Amino acid sequence: MNATELTELTETELQNLKESLLFQKSTILNKSHEFKEEQSSMAAVADEAEAASQDISNNISIHLHERDRTALYAIERALGKIADGTYGQCESCSEIINARRLQVRPFTALCIDCMEEQESQTGLFQ
Ligand SMILES: [Zn+2]
């Protein structure tokens, strides 16, 4: 293993990352909870004149919900990997993903090589 090329997350960095993930998770859960309460109180006072704008906010609600659900899924997945000790491993080639890359993109599941290969195949740049 070449330490200058490839750096693994230290135990401390992994713990910090885990805490950050747990914090993000609780933020999303709190936000969606508040948002639901806001939505139901808005629905309670809404009259027919507000029906149109209510439709728009319902659409925004669905959009937020989808995005938060995707984020929650990614967080849960990363937390699960931390728990079973596979966090930081490329899902495609099982190589260790560079720690700097993980700190920038904690939800990444692929090493740079596999990511580039996938992007060249799909044409998607995320
Ligand atoms: Zn890989």
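Does Lys-31 count as buried, partly exposed or exposed, and what is its relative accessibility? In this predicted model, Lys-31 counts as partly exposed because its relative accessibility is 34%, and the legends below begin with this residue.

**View 1. A salt bridge between Lys-31 and Asp-68.** The closest N and O atoms of Lys-31 and Asp-68 are 3.4 Å apart in this salt bridge.

**View 2. Lys-25 with Glu-76 and Ile-75.** Glu-76 and Lys-25 form a salt bridge in which the closest N and O atoms lie 2.9 Å from each other. Glu-76 is in helix 2 and Lys-25 is in helix 1 (residues 11–45), so this pair ties together parts of the chain that are 51 residues apart in sequence. Both partners are partly exposed, Glu-76 with a relative accessible area of 39% and Lys-25 with one of 23%. Ile-75, which is also found in helix 2 (residues 51–84), counts as buried because its relative accessibility is 0%. The C-alpha atoms of Ile-75 and Lys-25 are separated by 6.7 Å, although the two residues are 50 residues apart along the chain.

**View 3. A network of salt bridges that links Arg-77, Lys-81 and Glu-91.** Lys-81 is placed in helix 2, whereas Glu-91 is placed in the loop between helix 2 and helix 3, 10 residues apart. Lys-81 is buried, with a relative accessible area of 14%, but Glu-91 is partly exposed, with a value of 41%. For the model as a whole, the count comes to five salt bridges.

**View 4. A polar contact between the side chains of Thr-108 and Arg-101.** Thr-108 is located in the loop between helix 3 (99–104) and helix 4, and its side chain makes a polar contact of 3.0 Å with the side chain of Arg-101. Although Thr-108 lies in a loop, this residue counts as buried, because its relative accessibility is 9%.

**View 5. A negative surface patch.** The patch is formed by Glu-95, Asp-113, Glu-116 and Glu-117. Asp-113 has its place in helix 4 (residues 112–122), and this residue is exposed, with a relative accessible area of 60%.

Definitions and conventions
Residues numbered from 1 in each chain as written. Predicted model: local features only at pLDDT ≥ 70, side-chain atom pairs only at ≥ 80, totals over all residues. Heavy atoms only, no water. Patch = residues over 30% accessible without salt bridge, like charges linked within 9 Å, V, L, I, M, F, W, Y side chains within 5 Å. Areas by Shrake-Rupley, 256 points an atom, 1.4 Å probe, with all protein chains shown as cover. Salt bridge = Lys/Arg side-chain N within 4 Å of Asp/Glu carboxyl O. Lys, Arg positive; Asp, Glu negative; His and termini not counted. Charge placed at Lys NZ, Arg CZ, Asp CG, Glu CD. Helix = DSSP H or I, 4+ residues; strand = E, 2+ residues; numbered from the N terminus. Buried < 20%, exposed > 50% of the residue type's maximum accessible area, 1.4 Å probe, protein only. Polar contact = N/O pair within 3.5 Å; in protein donor to acceptor, adjacent residues only side chain to side chain.
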